[in-house]
Amino acid sequence: MSKSVDVKQEAAGILDKLGVPREAWTSGDMPSFSPVSGEEIARVRTASAADAGKAVEAAHDAFKAWRMVPAPKRGELVRLLGEELRAAKADLGRLVSIEAGKIPSEGLGEVQEMIDICDFAVGLSRQLYGLTITTERPGHRMMETWHPLGVVGVITAFNFPVAVWSWNTALALVCGDPVVWKPSEKTPLTALACQAILDRAIARFGDAPKALSQVLIGDRTVGEVLVDHPRVALVSATGSTRMGREVAPRLARRFARSILELGGNNAGIVCPSADLDMALRAIAFGAMGTAGQRCTTLRRLFVHESVYDQLVPRLKKAYQSVSVGNPLETSALVGPLIDKSAFDNMQKALEAAKAAGGIVTGGERVLEAGKETAYYVKPALVEMPKQTGPVLEETFAPILYVMKYSDFDAVLEEHNAVAAGLSSSIFTLNMREAERFLSAEGSDCGIANVNIGTSGAEIGGAFGGEKETGGGRESGSDAWKAYMRRATNTVNYSNALPLAQGVSFDIE
Ligand code: UN1
């Protein structure tokens with residue numbers, strides 16, 4: 001038998017190698033666990049509300065200096081961050097696997113997503129364009145200018161413990177904004193590692209102001225400071241809809257900006273003409289990948305009655321045979337759930353599904369020898385008679401609810417009949433169905449795909465969703481505009497003062 005990996009020792013080795021100061025993770029007040037083994041792997045130091053307040057003030061000082069640095073020069077810092085991330089990819093990816101339980105290719109893929117957004121942001125640093133606009137007044141010129149916004153507070157979840165920070169930070173930095181980050185309490189070590197990596201880029205950059213980027217490990221009191229502090233201009237928060245419901249009105253009360261990335265209850269539709277081999281693979285990755293713990297995870301599947309008996313038995317077979325196990329030691333495709341409460345929530349949802357007439361395949365716990373405090377499960381496929389009960393809610397676990405449909409108009413209605421609106425997909429070779437799905441009467445989600453799954457979006461597009469998903473957009477396209485303020489400037493280079501709309505106001 002091969003010697004099993006000592007998770008704690010390996011995490012310590014990576015943190016040392018990445019240059020994270022030991023006092024941050026050896027003798028702190030908050031234990032941190034690995035879902036791989038369930039054991040405590042570090043003790044991190046937490047910040048108080050007072051610490052958070054000081055951090056915001058320091059970030060505001062940094063803002064005053066950083067906003068005057070030319071954007072392409074700010075881009076140079078992000079270019080260096082991308083270089084440091086390339087050098088650290090293997091270690092940081094492994095730490096993501098240790099701390100979030102992702103399989104190796106997904107841990108590495110998450111770091112790749114960070115590198116990609118850095119590259120995007122570097123290019124963007126020379127493209128923070130405003131429009132010039134024709135004016136009705138002679139001898140005048142009108143234009144838009146984009147200026148840095150202020151301190152950005154970033155609140156992230158355990159499931160993408162490093163990428164979501166980088167989406168925000170790479171853009172914020174080129175846009176001229178400092179960042180104060182509150183990571184999930186479930187994944188503090190990867191956050192400390194990111195800060196160490198960025199600190200190395202900052203040291204190479206040379207003359208960046210202090211406190212351009214800070215990490216605050218802590219509980220909700222720290223998050224509350226970010227939400228309530230008048231110096232925090234924008235809060236980008238990823239997490240549950242419940243969290244968003246608390247955060248959004250508090251930000252609105254002080255007219256602060258928000259980017260909310262909340263729950264998803266993503267669906268796929270498999271039409272009669274679908275390429276079923278392709279659909280099968282896309283569904284398997286979308287529903288079982290990352291152990292069902294992506295906000296873009298496929299959770300509802302509508303299959304046309306004419307292909308149901310071809311697809312669903314094959315899907316069930318895939319569920320029965322998928323490998324579940326320790327992501328550090330095996331080539332399993334499904335790693336652990338983050339903790340016991342995730343497991344309990346999954347079991348509760350499965351019970352409710354059964355009570356509503358669902359037929360469950362999988363869902364049982366898989367005990368890893370010697371790891372009683374780790375929660376590995378077989379992904380669950382649940383055939384449901386209709387969309388009801390737990391199908392209407394997001395359970396952050398690998399449960400796929402499968403339903404039969406016969407009418408395309410009706411399935412579009414069903415598709416949109418949930419509270420969340422993040423991601424969606426259709427499998428069809430019929431262009432009328434595909435185009436209707438993408439049209440104004442089609443999917444109501446922020447992401448709508450054809451012949452690919454719901455998860456695994458690339459950074460070039462804007463990422464986010466509608467309805468109870470919160471409406472925020474991060475990452476590519478013009479998401480950068482949320483991190484800057486727009487000024488409309490009108491310049492009069494004539495000798496006269498004509499007023500707009502023909503108004504006259506002649507004083508003596
Ligand atoms: C998340 O689950 O919080 O599209 C983000 C995806 C990834 C990002 C997911 N690029 O699945």
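Colleague: Is Ser423 buried or exposed, and how many C-beta neighbours does it have inside 10 Å?

Modeller: Keep in mind that this is a predicted model. A residue with 20 or more other C-beta atoms within 10 Å of its own is called buried. Ser423 has 32 C-beta neighbours inside 10 Å, so it counts as buried. You'll find Ser423 in strand 18, residues 423-427.

Colleague: Which residues does Ser423 touch, leaving aside its neighbours within four places in sequence?

Modeller: Ser423 is in contact with Gly264, Asn266, Thr296, Cys445, Ile447, Thr454, Ser455 and Gly465. Look at Glu466 too: 43 residues separate Ser423 and Glu466 along the chain, and their C-alpha atoms are 9.3 Å apart.

Colleague: Okay, and the ligand. Which residues are around it?

Modeller: Thr296 and Ser455 are among them, along with Glu113, Asn159, Phe160, Thr238, Arg294, Cys295, Gly456 and Ala457. Sorted by class, that shell has 5 polar, 3 nonpolar and 2 charged residues.

Colleague: Now helices. How do I describe two that pack together?

Modeller: Two packed helices are described by the angle between their axes and the distance between the axes. The crossing of helix 3 with helix 6 is right-handed.

Colleague: Which residues of helix 3 and helix 6 meet?

Modeller: From helix 3, the residues include Leu77, Leu81, Glu84, Ala88, Leu92 and Leu95. Their partners in helix 6 include Leu189, Ala193, Ile197, Ala201 and Phe205. By class, the contact of helix 3 with helix 6 has 15 nonpolar, 1 polar and 5 charged residues.

Colleague: What are the angle and axis distance for helix 1 and helix 3?

Modeller: Helix 1 and helix 3 pack at about 145°, with axes 10 Å apart. Helix 1 passes helix 3 in a left-handed crossing.

Colleague: At what angle do helix 9 and helix 10 cross?

Modeller: Helix 9 (residues 276-288) and helix 10 (residues 305-321) cross at roughly 40°, and their axes come within 10 Å. That makes helix 9 oblique to helix 10. The crossing of helix 9 and helix 10 is right-handed. On the helix 9 side, Leu276, Ala279, Leu280, Ile283 and Ala284 make the contact, while helix 10 brings Val307, Gln310, Leu311, Arg314, Leu315 and Ala318. These residues divide into 9 nonpolar, 1 polar and 1 charged.

Colleague: Which residues of helix 7 are buried?

Modeller: In helix 7 (residues 220-228), the buried residues are Val222, Gly223, Val225, Leu226 and Val227. They pack against helix 2, helix 8 and strands 5, 6 and 8.

Colleague: And a loop residue: where is Pro398 found?

Modeller: Pro398 is in the loop between strand 15 (380-383) and strand 16 (399-405). Pro398 is buried, with 28 other C-beta atoms within 10 Å. Not counting residues up to four places away in sequence, Pro398 touches Ala287, Met288, Ala291, Gly292, Val334, Val377, Pro379 and Ala380.

Colleague: Last one, backbone angles. What is phi of Lys467?

Modeller: Phi of Lys467 is near 55°, a positive value in a residue other than glycine. Lys467 lies in strand 21 (residues 466-467) and counts as partly exposed, with 19 C-beta neighbours inside 10 Å. Ser475 also has a positive phi, near 75°. Ser475 sits in strand 22 (residues 474-475) and is buried, with 26 other C-beta atoms within 10 Å.

Note on methods:
Residues numbered from 1 in each chain as written. Predicted model: local features only at pLDDT ≥ 70, side-chain atom pairs only at ≥ 80, totals over all residues. Buried ≥ 20, exposed ≤ 12 C-beta atoms within 10 Å, placed from the backbone. Helix = DSSP H or I, 4+ residues; strand = E, 2+ residues; numbered from the N terminus. Contact = placed C-beta atoms within 7 Å. Near = placed C-beta within 6 Å. Nonpolar A, V, L, I, M, F, W, Y, C, P; charged D, E, K, R; others polar. Left-handed = near helix turned anticlockwise from the far one by under 90°. Axes fitted to C-alpha atoms, helices over the stretch in contact; angles between N-to-C directions. Parallel < 35°, antiparallel > 145°, perpendicular 65-115°, else oblique.
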